[in-house]
Amino acid sequence: MRNNLRRGALHALLAAAAFSITGVCIKAASATTPNEMVVFIRCFVSLLALLPWLLRRGRSAVRTTRLGGHLWRSAFGVAAMYCFFYAIAALPLASAMLLTYSTPLWLPFIAWAWIGERPPWIALPAAVIGLAGIALIVRPGAGGYGGLGWAGLIGLASGLLAACAMVSIRRISDSEPAERIVFYFALMATAISAIPLIWAWQTPTPHALALLIGAGIAATVGQLHLTHAYAWAPAARVGPFTYFSVLFSAVLAWLLWGERLDRWAALGALLVVLTCVLVSWRPAPPVVAS
């Protein structure tokens with residue numbers, strides 16, 4: 001497996017920006033569109049966005065011997081998506097992002113148990129510091145962010161399921177390129193999410209449809225970068241960089257809905273940056289006297 005944290009972190013940051021845009025579009029569209037439709041349209045748009053790549057590369061680009069691995073990745077990813085989009089619709093955007101991006105807290109344990117990837121000693125304390133930083137940004141017990149209830153639990157479930165999805169990406173990335181992983185996810189997720197439409201179909205408004213198309217495109221870009229991130233670096237080391245999605249979302253929420261960052265949120269942002277520094281840190285090699 002490849003191990004280049006710098007490249008993995010860059011892809012993770014680009015993915016965070018794309019997913020923040022996705023979250024904004026989903027939250028706006030969810031006001032008039034049920035969750036089942038939101039998930040399906042997001043997946044279907046991603047599949048359409050990948051068709052030019054498929055036509056250009058041909059069937060050889062999707063030939064695989066890891067169909068079971070793709071199915072695991074897709075199942076975890078779709079389940080996480082249902083939970084995440086529900087949380088986005090029911091909670092303030094930053095709160096939903098906080099709960100979903102608890103993913104790095106679970107990643108070291110899941111990666112260790114599933115693929116035997118022992119995390120560096122700094123990964124767990126770094127993840128805890130990152131979560132503390134996000135908590136300062138959102139402060140779930142303060143003001144309008146209190147009383148998350150079932151929506152909060154579902155948001156936490158999305159973080160756990162997303163961690164399983166990320167580890168499943170790492171598990172198959174030794175033979176599967178990022179584009180193929182994302183294509184199979186879009187294909188399988190579209191098929192899975194089409195099933196609930198039998199009883200939950202609702203034609204979206206033109207405005208909601210435009211937002212969901214934008215969400216699907218942004219999510220596809222995010223998936224490509226995230227898949228590259230977990231292919232280039234161990235899950236436990238690159239995971240904390242996804243915290244930046246919460247920062248980006250907080251900025252967008254401030255610009256669009258007037259949610260302001262105060263001094264505690266600024267401190268939280270510093271802690272998130274510290275997390276990335278800690279997880280990137282490696283002791284210098286000993287100097288050998290000549």
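The dialogue below takes up a helix contact and then the aromatic rings of this predicted model.

Q: At what angle do helix α2 and helix α3 pack, and how far apart are their axes?
A: Helix α2 (residues 35–57) and helix α3 (residues 67–90) pack at an angle of about 125°, with 10 Å between their axes. The two helices are therefore oblique to each other, and α2 passes α3 in a right-handed crossing.

Q: Which residues in α2 and α3 meet?
A: From α2 come Asn35, Glu36, Val38, Val39, Arg42 and Cys43, which meet Met81, Tyr82, Phe85 and Tyr86 in α3.

Q: How is a pair of aromatic rings described?
A: Such a pair is described by the distance of the centres and the angle of the planes. In this model the count comes to six aromatic pairs. One of them joins Trp53 and Phe183, a tilted pair with 5.9 Å centre to centre and 45° between the planes. This pair links distant parts of the chain, with Trp53 in helix α2 and Phe183 in helix α8 (residues 178–194), 130 residues apart.

Q: Are Trp53 and Phe183 buried or exposed?
A: Both Trp53 and Phe183 are buried, and together with Tyr184 they form one aromatic cluster.

Q: What separates Phe244 and Phe248 in helix α12?
A: Phe244 and Phe248 form a tilted pair, 6.0 Å centre to centre with 40° between the planes. Because they are four residues apart in helix α12 (residues 244–257), about one helical turn separates them. Phe244, at 16% relative accessibility, counts as buried, whereas Phe248, at 30%, counts as partly exposed.

Key
Residues numbered from 1 in each chain as written. Predicted model: local features only at pLDDT ≥ 70, side-chain atom pairs only at ≥ 80, totals over all residues. Heavy atoms only, no water. Axes fitted to C-alpha atoms, helices over the stretch in contact; angles between N-to-C directions. Parallel < 35°, antiparallel > 145°, perpendicular 65-115°, else oblique. Left-handed = near helix turned anticlockwise from the far one by under 90°. Contact = heavy atoms within 4.5 Å. Phe/Tyr/Trp six-rings, centres within 6.5 Å; stacked < 30°, edge-to-face > 60°. Buried < 20%, exposed > 50% of the residue type's maximum accessible area, 1.4 Å probe, protein only.
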